[in-house]
Structures are given as C-alpha cells and as structure tokens.
Amino acid sequence: MTERRLADDPTIALLAPADRDALAVIWTDRARAESAVGNVFAQVADELAASGAPPELVGLARSAEADEARHAAVCEELALAYGHDSAARPERRVRLRDYDQPTVRLRTALHAVHVCCISETIATVFVEACLGACESPMLREIHREHLADEVQHARVGWAYVATLSAAERSAIAPELASVLELQLDAWTARINDLPLAGVAGHGYPPRSELLDAVHGAIRELVLPGFDHVGIDSASARAWYATRAGDH
Amino acid sequence: MPQRRPIHERLFRAVVVMGAALGASACYEHGSTPPTPPDARVADASKSLVDAPPVDVILII
C-alpha cells in the first residue's frame, strides 16, 4: 500500500533521475540496516531475559525486534517506489560482538547502551530532522511512525540501565567513550554517503544538518542521559570534546 | 543550534526521563534489583545468534 500511494505521488515523478536513483539506493541500504538491527534486538532481548531484567523490558525489546522487521519492509517499499528494481527482502544476519565484561548483566548493559542509549537515541533526533524534510503526507506519516518507534526502542536501554546497581553503573562508565566513538564514526560515515545537499521534500536534509542532528543528540540527550541515570559521563564527555568540532 | 533546543528537550523527556522511569517502576513493582532471577533457559545469552557474524557496531539508519 505504501508503495502504491508513494508511486502515485507526483513529487517522485518530478525528481531528477539522479536524485531518484540515490533515494532508491538509500532506502535499499536502510532496509538492510533495519534488518540487522532487528537481529540485534533479538540478541538484546535474550540477554535481558538472561540478566534477570524486568519482563516488561524484555517484552519491549521483543517488540522492537518485530518493529525493525516492519521498518525493513517499509524501507523496501520505499526503495521500490523510488525505482529500485528488486523486491528481494534483504537479509543481514549479525550479532553485536561481546564485550570483555565479567558478568552477563554487564555484557547486557553495554549492548543496551550501544544499541538503545546511544544509537536509537541518536536515531530519534536524526529521524526528527528527516521528518522536517518530508513533503508528501505519506512520507511524513512513515517518518512519524518511525520516530515514535525509535523513542520506544531507545527507552529500552535507558530503562535497563536504570535497574543497574551503583557498582554496575560504575563499571559501565569507563566503557562509554569507546562505544560512543564507534557510534559517532559509523553515523558520520553513513551520513557522508548521503547526497551532500540532501533531497528536498523527500526526507533527506543536507548532510550538514544531519551531522548537526547527530552531534546535537550526543550533546543534549546521550551525555546528559547518562548523568540522569547515575552513570558518570566525565570520560565520555572528555573524549567527545576532542571530536565535537564546530557542532 | 538554539532553534533545536525545544526539540532536544522534548526528546530528552520522552526518551531518557520516561525510559529511566519505566525501568525504575519495573524494579519497584518487582521489589528488587535484579527483579527476577536469571532465566536458565537463556542463561548463556552470549550464545544467542551464535551462528551470526559478530559486528563491532550497529547502525540504526
């Protein structure tokens, strides 16, 4: 249904062929990314259960796994609407590597920090910026739904770290900078693959705006978030100060 | 970017504050931390998706 309605959208037909092709590739890549994130939420859900997390949180992580499969399908439909020539469902089966932590609760916590507290939290600001660059009602609706899901997915991590003991929070703190660096590098590389000037009206603002969104998320949500849940962010802030640049 | 500040504040409340409150509430309802003993069926969750290739970083977008 999404594909049909978007295909009827005259703004797609009006796009320059290069922009249309670029969007088809972008949404194909996003479908693969969403599929991989679904895998990782399955891993996180298992780890939450194994670590004795409240069942509500395990349930939220399982819902996130299902949401990501739905997102992947929507991304595929968008790729087709923008002219991608294959309806093949992308498969990307991955797991997040284990960190060198002594307990399942700490391994779980670092995975939740990585996927939810950092990546999904950055994604909320990123998708909000993309929403502001959508023209068609259908594309806006898709982004609004995506944003609402990202908020839920990010909450899983903040909820879990709020259940940690003081000692566990202290053990997590020194690891924040390295996880944040992995995430900032990955977001920056991804954004640098996107069209420099964005694609006006089609959910992609200019690269500079997206990079500002990522840095704004780190500065205004992620780092203060760790302070909010009692995880010392000093070392992560010190590292980030070396990478913030003009953002 | 001062014009983004209200958006950041709104998302901080929706994501971080609400998320942390959800975790605290779940713990309170279960009465302890951790609130339940580890689930023996999945106690070695490090073996979850063991046949999948490990990655250093996962990107949402």
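Select A:L60. Leaving aside residues up to four places away in sequence, A:L60 touches A:Q152 and A:V156. This is a predicted model, with an ipTM of 0.93 and a pTM of 0.92.

**Stop 1: around A:L60**

Stay on A:L60. The residue sits in helix α4 of chain A. Is A:L60 buried or exposed? Within 10 Å of its C-beta lie 24 other C-beta atoms. The cut-off for buried is 20 or more, so A:L60 is buried. A:L60 and A:A45 are 15 residues apart along the chain. Their C-alpha atoms are separated by 8.2 Å.

**Stop 2: the whole of α4**

Select residues 55-81 of chain A. This is helix α4, with 27 residues. How far does α4 reach from its first C-alpha to its last? The span is 39 Å, close to the 39 Å expected at 1.5 Å a residue. Color by side chain direction if you like. An α-helix has 3.6 residues a turn, so residues three or four places apart point the same way.

Move along the helix to A:A69, which also lies in α4 of chain A. A:A69 has 16 C-beta neighbours inside 10 Å. Buried would need 20 or more, and exposed 12 or fewer, so A:A69 counts as partly exposed. Pick A:E34 next. In sequence, A:A69 and A:E34 are 35 residues apart. In space, 6.8 Å lies between their C-alpha atoms.

Then step past the end of the helix. Just after α4(A), select A:G83 and check its backbone. Its phi is positive, at about 110°.

**Stop 3: chain A as a whole**

Zoom out to chain A. Cartoon view will do. The chain holds 10 helices and 1 strand. In sequence order, the pattern is α-α-α-α-β-α-α-α-α-α-α. The radius of gyration of chain A is 18 Å, close to the 18 Å from the globule rule for 247 residues, so chain A is as compact as a globular protein of that length. Orient the view on the principal axes. The C-alpha trace spans about 60 × 40 × 25 Å along them.

Of its 247 residues, 50% count as buried. Among contacts in chain A with a separation of 6 or more, 78% join residues 24 or more positions apart.

**Stop 4: chain B**

Switch to chain B. What secondary structure does chain B have? It comes to 1 helix and 1 strand. Buried residues make up 25% of the 61 residues in chain B. Color by confidence. The average pLDDT of chain B is 76, and 62% of the residues score at least 70.

**Stop 5: where the chains meet**

Show both chains. In this interface, 42 residues of chain B are in contact with 57 residues of chain A. On the chain B side, α1 (5-30) and β1 (54-55) are the elements that give two or more residues. Which element of chain B gives the most? That is α1(B), with 17 residues. Color this side of chain B by class: 31 residues are nonpolar, 8 are polar and 3 are charged.

**Stop 6: the strand pair**

Finish at strand β1 of chain A, residues 95-96. In which sense does this strand pair with β1(B)? The pairing is parallel, over 2 bridges. Select A:L96 and B:V55 together. B:V55, in β1(B), is the bridge partner of A:L96.

Technical notes
Residues numbered from 1 in each chain as written. Chains lettered and ligands numbered in written order. Predicted model: local features only at pLDDT ≥ 70, side-chain atom pairs only at ≥ 80, totals over all residues. Helix = DSSP H or I, 4+ residues; strand = E, 2+ residues; numbered from the N terminus. Rg over C-alpha atoms; globule rule 2.2 N^0.38 Å. Contact = placed C-beta atoms within 7 Å. Expected span 1.5 Å × (residues − 1). Nonpolar A, V, L, I, M, F, W, Y, C, P; charged D, E, K, R; others polar. Pairing = 2+ DSSP bridges. pLDDT = per-residue confidence, 0-100.
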